[in-house]
Each structure stands twice: as structure tokens, then as C-alpha cells.
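Hi,

Here is the structure I promised to pass on. Have a look at it first, and then read my notes below.

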Amino acid sequence: MAKDYPDGFVIAPHSHPRGQLLYAITGLMHVMTETTGWIVPPFRAVWIPPGIRHQVSMKGPVQMRTLYLTPGTSAEIPKECTVIEVSLLLRELILNAVDESLDYDPQGRGGLIMNLILLEIPRAHQVPLQIPMPSDPRLVRLCNTLLDRPNRKESFEVLARGTGASSRTLMRLFHQDLGMGFVAWRQQVLLSEAVSLLASGKTVKEVANILGYQSPSAFTAMFRQNLGKAPEGYMYPLV
């Protein structure tokens, strides 16, 4: 399926009986399930297994290209939601698959394209861009405060005020509800915001300044350590 969406468009929460690979030629997608959020820039795609309720928000005009996979089509496809890198080969396969008719010949060109896609998705590198979301309402209030403004610099104790729980209780809830500490969760938020800003055309220096890093080199070191490459090349096609 090929669909284009304007900046700010939101696809309301829904689910599909089939698995879904969401990919955008241009623009940035923010995909949310009940437990996790992902920022999906160009040359990345998000895999959503069957039955997972999700919402998609567009940042900038988005040219979305979607593949739907019948459950059981491939045992190698990931069993959980994940963001994957889209190689130049997989990108061209997705675009050509969308051009095929819905009743493509399984023994012809369409079938060959689809079968190769099923081989390429499991081979794709998974990208750690997810933001786990809590279920405890007190922790939700704190997390939403940072999601609304990721570059906030207040201490954890200050951020905890008004949540209905002490900072010690919230720190314990981070580990119980999300399986990680506050510092690690906050870094995931900063990484996702960095990718969003880079996709919007901001320079590395501008992003470092917006997110409160002392220097572009400090920001670059954090980015490379977590995502495996420097921010300058992160938005470009893979070879």
C-alpha cells in the first residue's frame, strides 16, 4: 500500500490481523503502541506483528509505503515490534512490491520480489530507538513531562514533584515497570529527539545545543556509542 500524509497527520490507534512493515520514503514517523514508542526516520522501518494496537504520527510530509504479511508467512520474521535498517536492496524491493498488483502472480516477478523481501527483513539490523512507556500513572506523568520537552535539565527530585509519588518510589518503579533506570530511559528519549531533529534538517551543532550538550563532540560520542555511527551519516542511505 502506498499513501502520502501531510505534516501533523495522526493515524488513530488501531491494529491489523496481519503483520505490518511501515516504511517512509520521506518524512519522519512516530509510532506508538500501548507500551513503547519509536521514532522512524528515512531508511529505517518499523515491524509491527499482527494484533498489536498502534498509532502513527507524521512529522513533516510522509510518503508511506506499507507491506502486510500474513501470520505464519515466515518463521524468521521478528516476533516483537522493532525498528530495522532498510538497505538499498530492501528499499528497492519495497518500492517494487508496492507497484505490483494485489493479485500478483506468486510464481512470477511479484512472487520473486515478495520472497526476497521475506529473506531480507530477518537479515536487517535492528535499531535501538525504542522508548519504553510505563503503566503506572505516576510514572506516566513524569515520563510525559520529559517527552513534551526532552531537553529539560531539572533533577530527578524536581521532576518527581506533582506526580503523587516520592522520588525514591519513582526510581523503584522505573526498574519494576520499565526494566531500566531513569538515566537510561532519559537517554533513549534524547536519542529519539536527536534523530527527529536531524531528520528535520538541523545540523549536529544545532542538535547538540538544543539538547544541552556541552559540545558537538560530546553529543557525537553519545550518539555513536548508542547507535553505532556518527550523526552526520545516520540519515543517509545504507550501502
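A word on terms before the rings: Phe, Tyr and Trp (its six-membered ring) pair if their ring centres lie within 6.5 Å, and planes under 30 degrees apart count as stacked, over 60 as edge-to-face and the rest as tilted. This is a predicted model, where local features need pLDDT of at least 70, side-chain atom pairs count only at pLDDT 80 or more, and totals for chains, interfaces and linings use all residues. Residues are numbered from 1 along each chain as its sequence is written, and side-chain values use heavy atoms, with hydrogens and water left out.

The structure holds seven aromatic pairs. In one of them, Phe174 and Phe182 have ring centres 5.5 Å apart and planes at 70°, so they sit edge-to-face. Both residues are buried (under 20% relative accessible area, 1.4 Å probe, protein chains only). Phe174 and Phe182 also belong to one aromatic cluster with Phe156 and Trp185.

Now the pockets. On a 1 Å grid over the protein atoms alone, a pocket is an open set of points where a 1.4 Å probe fits, with protein on both sides within 12 Å along at least five of seven lines; lining residues have an atom within 4 Å of a point. Lining the largest pocket are 20 residues, with Leu67, Tyr68, Leu69, Tyr104 and Met114 nearest its centre. For the second largest pocket, the volume is about 320 Å³ (the space filled by probe spheres set on the points, which are joined across faces, edges and corners). Its lining has 15 residues, and Trp38, Glu80, Cys81, Thr82 and Gln130 are the closest to its centre.

Best wishes

Terms used
Buried < 20%, exposed > 50% of the residue type's maximum accessible area, 1.4 Å probe, protein only.
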